Amino acid sequence: MRKKLLLGNWKMNKLASEAKEFALASVPFAALAKKNNIEIGVAPTYLSLATVKEHASKDMIVAAQNVHFMDHGAYTGEVSIPMLKEFGIDWVIIGHSERRAYDNETNEKCHEKMKALFENNMVPVYCVGETLAEFDAGKTKEVVGKQVKEGLKDFTAEQVARLVVAYEPVWSIGTGKNASSEIAQDICSYIRSILKEMFGGVAEEIRILYGGSVKPVNVKEYLSCPDVDGALVGGASLKIESFEELLTNIL
Ligand code: PGA
């Protein structure tokens, strides 16, 4: 049985002081989530990771939004896995479409980062999804299939047992134009079928999230789909009231 997962991606939002306030206010929701066998978490900016980790409940997942695959070295502006681990951070979002678009994050780069994460027993949340032009051209499965195959090539079933995949159609992110739950189910089930081809039975244990304009009003619809195991939420995860509603609406 795959545990439902609600993960907030704060992107480049919130001062550390605001992140701390959120972390403190989220403590009761983490307990409520745990009681209902749901996992919740947030991905703050690097500068807020330590404060959120310190002030949120131990049951709240705290994820980084990116990481470098090298342990240390001459990589100006980067942060490494040991630096995250020192603060108890062991979840990292990889290949978010904004990083693919603005920071040249390719499937190969994502693969390198996930390899380093697996070697360190960490959990990647690997984001895949097609652009509007690709969607309109009917290429969703082709694009997503390539992202999954190239990003996850050569890993073992044991490694990917820890993986989380997030299907986020680029045209639905931050646009309010969310994919229907039928599309979300169709693509998430397609992703699971590729994972099955690549890794066998463990595909049934891998959690696949939907992301893109998920709000308290539509979260339940997505999570009712058999292959959608949770949501990666941007805008609607920023306000504590909205985050709470995302959770209470799926209880
Ligand atoms: P959104 O972002 O919920 O604001 O559309 C989702 C994401 O980018 O993960």
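**Cysteines, a histidine and a serine**

The sulfur of cysteine 110 lies 8.4 Å from the closest cysteine sulfur, which belongs to cysteine 127, and that is too far for a bond, a disulfide being a pair of cysteine sulfur atoms within 2.5 Å. Please keep in mind that this is a predicted model, in which local features need pLDDT of at least 70 and side-chain atom pairs count only at pLDDT 80 or more, while totals for chains, interfaces and linings use all residues. Residues are numbered from 1 along each chain as its sequence is written, and side-chain values use heavy atoms, with hydrogens and water left out.

For cysteine 188, the closest cysteine sulfur is that of cysteine 225, at 7.8 Å, again too far for a bond, and the structure holds zero disulfides. Cysteine 110 has 0% relative accessibility and so counts as buried (under 20% relative accessible area; exposed is over 50%, partly exposed in between, with a 1.4 Å probe and protein chains only), and cysteine 188 is likewise buried at 0%.

Turning to histidine 68, we find this residue in the loop between β3 (60–64) and α4 (81–86), where helices (H or I, at least four residues) and strands (E, at least two) are DSSP runs numbered from the N terminus. Histidine 68 is buried, at 11% relative accessibility, and its side chain reaches the backbone nitrogen of methionine 70 at 2.9 Å. Beyond its neighbours within four places in sequence, histidine 68 is in contact (heavy atoms within 4.5 Å) with Tyr75, Glu78, Val79, Ser80 and Ile81.

Finally, serine 242 sits in helix α12 (residues 240–248) and is buried, with a relative accessible area of 16%.

Notes. Polar contact = N/O pair within 3.5 Å; in protein donor to acceptor, adjacent residues only side chain to side chain.
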